[in-house]
Amino acid sequence: MRKKELLENAHPYYEEDQLLELEHAIDFATKAHSGQKRKSGDNYISHPLAVADSLIQWGMDIDSVLAGVLHDTVEDTDATLDEIEALFGHDVAFLVDGVTKVSKARAGMQDLANYLPQTKDNLSKLLIAVGQDVRVIIIKLADRLHNLSTLQYMPKDKQIKIARESLEVFAPIADRLGMGRVRVQIEELAFSFLDPIEYRRLTNIMKKRLGKSTRKLGIVRSEVNAELTKHKIKSEINGRVKSVYSLYCKLKKVDGNMDDIYDLMALRIIVETKEDCYRVLGLLHTMYQPMITRIKDYIAVPKPNGYQSLHTTVITPSKQIVEFQIRTYAMHEHAERGLAAGFHYHEQKVTKNYVKKKRVSSLPAQMQWITQLQDIATRLRNNEDISTEQLNIDIFGKRIFVYSPKGDIYNLPEGALPLDFAYMVHSDIAKHAYSFRVNGKIHPFDKPLNNGDVVEVVTRKISSPKQDWQDLVKTTHAKQKLRLQLKQLGVIETITSAAKIIRRKATKRKDKS
Ligand code: MN
C-alpha cells in the first residue's frame, strides 16, 4: 500500500479538507517510520497505510482513518502524543493513545501470558479497559487483520500465539460488533496458521464438493431468477461459499460427517424491501419443498449482534438440498460491516449517543452491548475487581434479545433472569417488581429468559427489593443497582456504616475506660 493508492481509495468518501489532513498524516507517519522495516522486508509505513485502507473500506470516520495511519508512531518512533494532538486534534490523539495502550500492555504481559486462558482474560480485560471508545477496538481489528496477513514472516511460535489469540479474542469481538466479513477474514487467516494441515485438507474437500454442486446450483439459480422476474421482484442472486473455519467448527458438531452439512454453498438473494424478503420466501416454498426445521426468521427476531436475514433450506425435485439466505441491501450491508458502517453514515448521532451514555433503550439494540462494555470499562479503570466469570456473563458470552410488551428490544446475556431485564428497563420499575409475565404466562424469578421472550414486569407499590434478590440477578448492572437499593433501604449495611458502628463501639469502650 502506497500513499497515492490510499488517497485514491479515500477520495470518494471524505471531504476535501479531510483528504488534505489524511495526506498530512501520511507524510508525518512516513517521516517518523523512515528507515524502519517490517519482517517482510517492506518499508514499515506500508503497514499503517494498509490498516488505514481497511478502515476506509469499513466505512469508518476520518478520525479513525487518521489514527490508523498514525497508530504505531507513538510506540515505535520519536513522535509524541502531544505532537499528534497539536497537529491532528484531541480526538485523533485519544484514539492513537488507546491503540498504543493496548499494544504496550500486551508487550508487558508477554511473559506471564504463556498460559492461554490467562492470555485471553488479560487481553479481554485490556480491550475493555481501553474500550471507552469502540473505535479503538475497530482500529485494533484492522491492525490485527494486516498482521495476520503478513504472519508468514514471523517465527513459528509467534505465528501460533498470534493466530490463537486472534481466534479466541479478536474474531469474537468482530462478531459482537456485527462485522461479519472481518470476523471471517480473521478466522480464515488464523486457522490456516494454527492448523495448516487441517486447513489444507478441508479446503481440498470443499473444492471437490463445490465442483460437483456448482453446476446443479446454477440450474436452481436460474430457475429462481426466472420466477422472481416473473413476479417483478428486483433482486440479485449470489452464491455464498461457507468459510473453511466455520466448516471446521460445524464438522466437529456433527462428528465429521460431511453429508450432514447442507450449507457448504448457499444462494443469497438480495432484494430492495423487507416485504420482498417474505415474498421471495413464499415463492421459494411454492417452487421447492422446504425443510421445516431449517426455516429461520432473523428479520422478525434478529441475532443479538443485529444480523437480519431469512434462512431456508429446500429440496429440489432432483433431490438437491439448497440453503437460501434472503435479505435487503441494508441488511446485507449491516451483516458485512456491522457497527463500523454506522460511523460513516450517522457518525455524529452514533458517536454522540454512546459518548454521552444516553439511556440504554434509546440506542439500537446492538449498541446496548457497547454501553455495557463501557460501563465495565469504567469500573475496571477504577480498579474495581471484576471476576473473569462475571466478564464472560456481561461481555463475552452469548446474547439474547427480549422485548417489552410495547415492543422495545433489550439485549441481555444468555442466562439472564427476569430481574436483570427489569433493572435494564429502569431501576425504579425493578424496585417494585412483584411478579413477571413472560409471553403472557406467570414466570418465576429464578427462571432464565429466552431469546425472543416478551417480558412484562408486574409492579406493586408495596413490593420492595429483598436480600435474596441478590441470587436472582446475573448482570453487573442489575447487581449494582440492587445493592444500592438494598443499602438505601437498610437491608444490607454499607461498609462505611459498618465501619461507623465499629468506630462508635470503639469510642464507647474508650469512654468507659
Ligand atoms: Mn500496528
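Which residues form a negative surface patch? I looked this up and found D78, D82, E83 and E85. The model is a predicted one: local features need pLDDT of at least 70, side-chain atom pairs count only at pLDDT 80 or more, and totals for chains, interfaces and linings use all residues. I number residues from 1 along each chain as its sequence is written, and side-chain values use heavy atoms, with hydrogens and water left out.

**Entry: patches**

I noted the patch rule before going on. Patch members have over 30% relative accessible area and no salt bridge; like charges are joined within 9 Å, and nonpolar side chains (Val, Leu, Ile, Met, Phe, Trp, Tyr) within 5 Å. Lys and Arg count as positive, Asp and Glu as negative, while His and the chain ends are not counted. I place each charge at NZ of Lys, CZ of Arg, CG of Asp or CD of Glu. Accessible areas come from the Shrake-Rupley method with a 1.4 Å probe, and for residues only the protein chains shown count as cover.

E83 sits in helix α6, residues 81–88. Helices here are DSSP runs (H or I, at least four residues), numbered from the N terminus. E83 is partly exposed because its relative accessibility is 35%. My cut-offs are under 20% relative accessible area for buried and over 50% for exposed, with partly exposed in between. D82 is also found in helix α6. D82 counts as exposed, at 61%. From D82 I went to A93, 11 residues away along the chain; their C-alpha atoms are 7.8 Å apart.

I then turned to positive charge. K208, K212, R215 and K216 gather in a surface patch. K208 belongs to helix α12, residues 196–230. At 64% relative accessibility, K208 is exposed.

**Entry: metal site**

Which residues coordinate the manganese ion? I found H47 (NE2), H71 (NE2), D72 (OD) and D143 (OD), at 2.2 to 2.4 Å. Donors are N, O and S atoms within 2.8 Å of the metal (3.2 Å for Na, K and Ca); water is not among the atoms, so sites may look incomplete. Along the chain, the donor spacing reads H-x23-H-D-x70-D. H47 in helix α3 (residues 46–57) and D143 in helix α9 (residues 134–149) link distant parts of the chain, 96 residues apart. Both H47 and D143 are buried.

**Entry: salt bridges**

I counted a salt bridge where a side-chain nitrogen of Lys or Arg is within 4 Å of a carboxyl oxygen of Asp or Glu. The count comes to 15.

R181 and E336 meet at 2.9 Å, N to O. R181 lies in helix α11 (residues 180–194) and E336 in helix α15, so this pair ties together parts 155 residues apart in sequence. R181 is partly exposed, at 36%. E336 is among the buried residues of helix α15 (residues 329–337), which include M331, H332, A335 and R337. Just after α15, G338 takes a positive phi of about 55°.

E8 pairs with K4, with the closest N and O atoms 3.7 Å apart. Why about one helical turn between E8 and K4? Because they are four residues apart in helix α1, residues 3–10. E8 is partly exposed at 49%, and K4 is exposed at 62%.

K230 bridges to E227 at 3.9 Å between the closest N and O atoms. These two are three residues apart in helix α12. K230 is exposed at 59%, whereas E227 is buried at 19%.

Conventions:
Buried < 20%, exposed > 50% of the residue type's maximum accessible area, 1.4 Å probe, protein only.
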